[in-house]
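Visitor: Could you walk me through this one slowly? I'm new to reading structures.
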Protein chains: 2
Amino acid sequence: MGHSKAEKDKSHRRIVKTAAARFRERGVDGIGLADLMKEADLTHGGFYGHFDSREELVAEAVECALRDGGEAVAAVASAKQPPAAVLRLLVDAYLSLAHRDGLATGCAVTSMANDVARSNARARSAYTKQVGIYLELLAKLIAADKRKSRRAKAIAALATLVGAVSMARAVNDEKLSRELLKSAADELKAQLG
Amino acid sequence: MGHSKAEKDKSHRRIVKTAAARFRERGVDGIGLADLMKEADLTHGGFYGHFDSREELVAEAVECALRDGGEAVAAVASAKQPPAAVLRLLVDAYLSLAHRDGLATGCAVTSMANDVARSNARARSAYTKQVGIYLELLAKLIAADKRKSRRAKAIAALATLVGAVSMARAVNDEKLSRELLKSAADELKAQLG
DNA sequence: ATTATCTATAGATCTATAGATAATGC
DNA sequence: ATTATCTATAGATCTATAGATAATGC
């Protein structure tokens with residue numbers, strides 16, 4: 001206890017990172033502050049030295065979770081390949097079994113959509129911004145003459161990615177779950193290739 | 001108090017219906033039993049005369065919410081028009097502002113996806129079944145030679161509908177929200193028409 | 001007599017706060 | 001001396017249960 005300011009920053013980031021993982025996994029209401037602090041190797045009493053309220057942690061955790069997913073997508077997108085090939089890589093990664101099952105580290109645009117819709121302005125703004133980033137990235141990669149058409153196709157493609165992963169996680173029929181991911185991927189690649 | 005068995009059934013349905021609305025709106029963890037019972041004009045003590053546990057109510061509420069959405073979709077789908085026109089009606093209804101804003105009565109395949117993924121087997125089975133129903137309906141309406149191709153296109157279309165509404169609800173930029181709905185609808189109608 | 005619902009409450013858990021403690025940094 | 005974290009606890013809320021009450025239905 002009573003460590004340096006640098007230590008406090010590390011603690012702060014540890015709390016936010018833990019929350020970003022657990023909130024994606026169990027939902028924003030699925031875990032309490034005491035358990036989060038414990039997982040961050042702190043006691044619950046210290047929480048309010050880092051945040052004014054639970055809401056503030058939710059906002060920071062949503063920002064962190066969205067950044068996570070954004071970085072994972074950017075990593076795939078940086079592959080030195082033609083746009084169409086990069087697009088295929090992105091679609092396959094997003095609609096992979098690893099992403100479906102890796103809730104804690106996956107894209108928060110899907111896993112936190114419902115929670116964010118009910119959340120505070122800061123969380124919603126972060127979400128809005130990340131959707132904008134994904135749309136710009138996709139629009140650049142999509143083969144189409146007009147910019148307006150690329151934008152519309154990017155929106156439909158992102159919606160397909162988000163919806164397919166949402167449903168693939170909710171159904172309890174493994175065969176159907178895989179079919180949802182596979183067919184959505186095939187259709188997207190056929191449409192945008 | 002102490003009414004007939006018929007009255008009890010009515011109370012039961014009132015509780016489930018209330019939960020189906022509030023769970024879609026606020027999430028499964030967003031409202032407690034006491035408030036739900038109060039909204040159903042009952043006191044919280046009576047809850048366990050109707051359900052063995054909260055989980056059981058969640059299962060029944062998910063079933064009820066999915067049925068709701070299914071009936072609304074079936075109503076639109078029963079329009080006496082050619083398949084392509086019915087498909088356009090469905091897409092426009094699902095991606096309407098009314099559906100985006102009508103969480104309490106809207107399609108639970110979108111609004112409860114994340115909650116159901118974390119929920120019990122009964123809730124997940126009901127969700128799985130409803131996804132199956134939507135896919136069969138869409139596959140019938142889609143113009144394509146082969147059955148396998150229609151099925152894959154139905155999956156991509158349903159995913160697009162679910163993802164677009166999810167994101168349109170989460171962003172806090174009204175213009176972007178409307179663009180998401182409009183572009184997804186336009187693309188779907190262009191692809192499937 | 002049976003039973004659907006009510007009042008009252010137990011026990012757990014949640015957010016938030018107060019004050020103590022043990023490090024850091026002047 | 002300052003401060004990051006700890007222990008302890010207040011007060012609200014949550015699920016679940018026990019026993020009382022007031023209807024229904026024989």
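Visitor: What does Arg151(B) form a salt bridge with?
Guide: Arg151(B) forms a salt bridge with Glu179(A), and their closest N and O atoms are 2.7 Å apart; a salt bridge here is a side-chain nitrogen of Lys or Arg within 4 Å of a carboxyl oxygen of Asp or Glu. Keep in mind that this is a predicted model, in which local features need pLDDT of at least 70 and side-chain atom pairs count only at pLDDT 80 or more, while totals for chains, interfaces and linings use all residues. Residues are numbered from 1 along each chain as its sequence is written, chains are lettered from A and ligands numbered from 1 in the order in which they are written, and side-chain values use heavy atoms, with hydrogens and water left out.

Visitor: How many salt bridges does the rule find across the interface of chain A and chain B?
Guide: The rule finds four salt bridges across that interface.

Visitor: And which elements of chain A touch chain B?
Guide: Those giving two or more residues to that side are α1 (5-26), α6 (108-111), α7 (113-117), α8 (121-141), α9 (147-170) and α10 of chain A, where helices are DSSP runs (H or I, at least four residues) numbered from the N terminus. Of these, α9(A) gives the most, with 15 residues.

Visitor: What area is buried between the two chains?
Guide: About 3,700 Å² is buried between chain A and chain B, and carbon and sulfur atoms give 59% of that; buried area is the accessible area (1.4 Å probe) that two parts lose on being put together, summed over both. The contact takes 48 residues from chain A and 48 residues from chain B, contact meaning heavy atoms within 4.5 Å.

Visitor: Is Ser183(A) buried or exposed?
Guide: Ser183(A), which lies in helix α10 (residues 174-192) of chain A, is buried, because its relative accessible area is 9% and buried means under 20%, exposed over 50% and partly exposed in between (1.4 Å probe, protein chains only). Leaving aside neighbours within four places in sequence, Ser183(A) is in contact with Ala152(B) and Ile155(B).

Visitor: New topic: how many aromatic pairs are there over all chains?
Guide: There are four, a pair being rings of Phe, Tyr and Trp (its six-membered ring) with centres within 6.5 Å, called stacked if the planes are under 30 degrees apart, edge-to-face if over 60 and tilted for the rest. One of them joins Phe47(A) and Tyr48(A) edge-to-face, at 4.8 Å centre to centre and 75 degrees between the planes.

Visitor: Which of those two is buried, and which is exposed?
Guide: Phe47(A) is buried, with a relative accessible area of 1%, whereas Tyr48(A) counts as exposed at 52%.
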